[in-house]
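Colleague: Hi! Could you walk me through this model, taking it slowly?
Modeller: Happy to, let's bring it up.

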Amino acid sequence: WGGGLYESDLFYDLCDEYGIMIWQDFAFAITMLPNDPEFMNSIRQEAADNITRLRNHPSIVLWCGNNETEMIWDYMVKRFFGLKTEDSGNDVLTNLLKLIPVTPVKKETTDKILQAYDDLFYKLLPEEVKAYDHNDRPYRSSSPSGGWKQPANANSGDMHYYIAYAGAPFEAYYTSHSRFYSEHGFQSFPDFNTVKKFTSSEDWNYLSPIMQHHQRAMGGNQVLDKYMKMYYRYPKDFENYLYVSQVMQADVMKIAFETHRHSRPYTMGTLYWQLNDVWPVASWSSMDYLNHWKALHYQVKRSFANVLVEPEYYRDTLKVYLVSDSLKGFKANAAVRILNFTGKELKKINVPVNMEANASKLLLEKTKNELLSGIDTASSLCLVNLVQGKKILSTNICYFAAAKNQNLPMVNISRKITPSATGYIIELQSNAFARDVYLSIDQEGFFSDNYFNLLPGEKKIITFIPKEKTDDFDKALKVLSLVDSY
């Protein structure tokens with residue numbers, strides 16, 4: 001979501017050029033509005049001006065009246081006023097709403113508020129879209145919404161979904177349902193190099209006043225700490241605390257993205273909140289204020305690959321899905337392997353694949369008793385490779401235990417660094433399974449991959465493009481994995 005504004009011409013030109021589709025909100029969000037003639041005339045002029053300016057951009061695919069105003073009315077304001085509310089099908093939201101107090105209010109007051117909403121979002125704006133946009137683009141009154149004057153729900157329209165607000169576990173994503181997740185996310189801190197730009201060493205604690213100030217959500221640092229204790233072993237110092245927060249954000253959003261993708265055709269869209277930051281802050285972003293890619297941004301790249309094989313272990317059952325956005329079908333083989341953390345193969349299942357175009361398919365389903373009998377689940381993982389001839393089309397991993405319960409081995413990650421025309425080529429290899437390998441250096445530049453898993457004996461090649469080359473790159477480069485954060 002772009003922040004309730006109409007972007008510059010350059011923005012739309014670039015979206016046209018690169019094929020980026022725009023869901024264009026009018027500039028209203030999260031508040032009820034008046035409907036006096038002067039205000040309505042102002043909005044009519046605003047709408048006409050912006051529709052006329054933007055209508056010839058093919059990147060714009062939908063007009064939307066507002067962001068979250070309808071949701072605020074249906075599930076919060078109405079609850080606050082003690083009025084009847086509908087079941088959204090969103091357990092997280094339902095639990096949150098139980099905390100809202102009830103205040104008696106006159107019916108004429110609520111009628112007036114609702115009439116103003118109808119006048120603006122169900123009459124004025126759709127009339128302006130019809131009058132000025134000759135490309136017949138669809139109009140929606142609000143996001144999220146179940147449709148024309150229908151509250152947001154899991155059966156139609158779109159949903160905004162934030163598990164952290166209600167204290168739900170990561171696994172809530174496995175059982176939530178929506179046709180289109182138009183906004184959802186989970187927070188993390190920026191990396192240490194960014195945090196050092198606005199802190200001194202005495203601030204290096206997640207509860208310090210400076211770290212609390214640089215937090216986008218009220219009580220957000222405490223929420224992150226709560227989830228970190230739920231799923232991870234507590235980091236040994238502040239720098240590792242920041243690193244684990246990013247691993248955590250990527251882990252939960254991996255569940256979200258890949259569950260949403262394999263749930264097609266019921267779920268046909270997932271837009272995460274958010275891309276970037278307007279200041280150095282703990283937030284839901286996948287790129288921080290200095291444009292450093294967080295672990296989440298690397299995970300986005302993996303989870304939205306054109307062809308994705310996805311193992312999922314939930315409620316003592318392993319399921320392996322295949323999702324393809326390719327417009328052509330193909331044949332391949334899915335090699336499902338259970339490995340321990342030293343790389344020993346404990347079990348292997350080959351699944352022949354005849355994949356349809358543009359589809360999702362369940363390839364394998366096995367219970368814990370069928371698959372993992374006699375296997376130490378705290379010291380093993382499931383690796384799935386989708387192979388076509390000698391080519392690996394997709395590879396993915398899932399675990400059988402939360403990170404805090406895993407017996408991750410101490411690892412020795414060897415490195416070989418070769419200067420290149422644009423920077424450095426880094427070749428890594430580990431003697432045992434290394435989870436969430438993180439490369440960092442106290443200088444500006446870009447790693448082609450980061451926060452990745454490294455299997456025993458596997459060679460991983462990464463490029464680093466610095467703003468400026470340094471003579472002691474090898475010495476300055478830090479390489480660690482999750483086990484090093486304890």
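Colleague: How many aromatic pairs does the structure hold?
Modeller: The structure holds 35 of them. Rings of Phe, Tyr and Trp (its six-membered ring) pair if their centres lie within 6.5 Å, with planes under 30 degrees apart counted as stacked, over 60 as edge-to-face and the rest as tilted. Keep in mind that this is a predicted model: local features need pLDDT of at least 70, side-chain atom pairs count only at pLDDT 80 or more, and totals for chains, interfaces and linings use all residues. Residues are numbered from 1 along each chain as its sequence is written, and side-chain values use heavy atoms, with hydrogens and water left out.

Colleague: Good to know. Why is the pair of Trp204 and Phe238 stacked?
Modeller: The pair is stacked because the ring planes are at 0 degrees, with the centres 6.3 Å apart. Trp204 lies in the loop between α7 (192–195) and α8 (209–213) and Phe238 in helix α10, so the pair ties together parts that are 34 residues apart in sequence. Helices here are DSSP runs of H or I with at least four residues, strands are runs of E with at least two, and both are numbered from the N terminus.

Colleague: And is Phe238 buried or exposed?
Modeller: Phe238 is buried, with a relative accessible area of 10%, whereas Trp204 is partly exposed at 32%. Buried means under 20% relative accessible area, exposed over 50%, and partly exposed in between (1.4 Å probe, protein chains only).

Colleague: What about the rings of Tyr243 and Tyr438, how far apart are their centres?
Modeller: Their centres are 5.3 Å apart and the planes are at 15 degrees, so that pair is stacked too. Tyr243 sits in helix α10 and Tyr438 in strand β16 (residues 434–440), 195 residues apart, so to speak a link between distant parts of the chain. Both Tyr243 and Tyr438 are buried.

Colleague: Which residues do ring pairs link into a cluster?
Modeller: The cluster is made of Tyr243, Trp293, Tyr298, Tyr438, Phe446 and Tyr451.

Colleague: Tyr298 makes me curious about α11. Which of the residues of α11 are buried?
Modeller: They are Ala295, Leu296, His297, Tyr298, Gln299, Val300 and Ser303. That is 7 of the 9 residues of helix α11 (residues 295–303), so the helix is largely enclosed by the rest of the structure. The cover over these buried residues includes α10, β6 (270–272), β7 and β17 (445–447).

Colleague: β7 again! What is the order of the strands in its open sheet?
Modeller: The sheet has 3 strands in the order β7-β8-β11, with antiparallel pairing. Two strands pair if DSSP finds at least two bridges between them. β7 (307–314) and β11 (359–367) are at the edges with a single partner strand each, so one side of each has no neighbour in the sheet. From one strand to the next, the twist averages 15 degrees.

Colleague: How many bridges join β8 to β11?
Modeller: There are 8 bridges between β8 (residues 317–324) and β11, which run antiparallel. Val320 stands opposite Leu364 in β11.

Colleague: Changing topic: how many residues are in the largest nonpolar core?
Modeller: That core has 73 residues, and those with the most contacts inside it include Ile163, Leu439 and Phe447. Helix α10 (residues 238–262) gives the largest share, 13 residues. Another core, apart from this one, has 26 residues, among them Phe330 and Ala359. A nonpolar core is a set of buried Ala, Val, Leu, Ile, Met, Phe, Trp, Tyr and Cys residues joined through side-chain atoms within 4.5 Å.

Colleague: Last topic, cysteines. How many disulfides does a search of the whole structure find?
Modeller: The search finds 0, a disulfide being a pair of cysteine sulfur atoms within 2.5 Å. For Cys64, the nearest cysteine sulfur is that of Cys15, 17 Å away. Cys64 is buried, with a relative accessible area of 0%.

Colleague: And how far is the sulfur of Cys382 from the closest cysteine sulfur?
Modeller: The closest one, in Cys398, is 4.5 Å away, too far for a bond. Cys382 counts as buried, at 0% relative accessibility.

How values were computed. Axes fitted to C-alpha atoms, helices over the stretch in contact; angles between N-to-C directions. Contact = heavy atoms within 4.5 Å.
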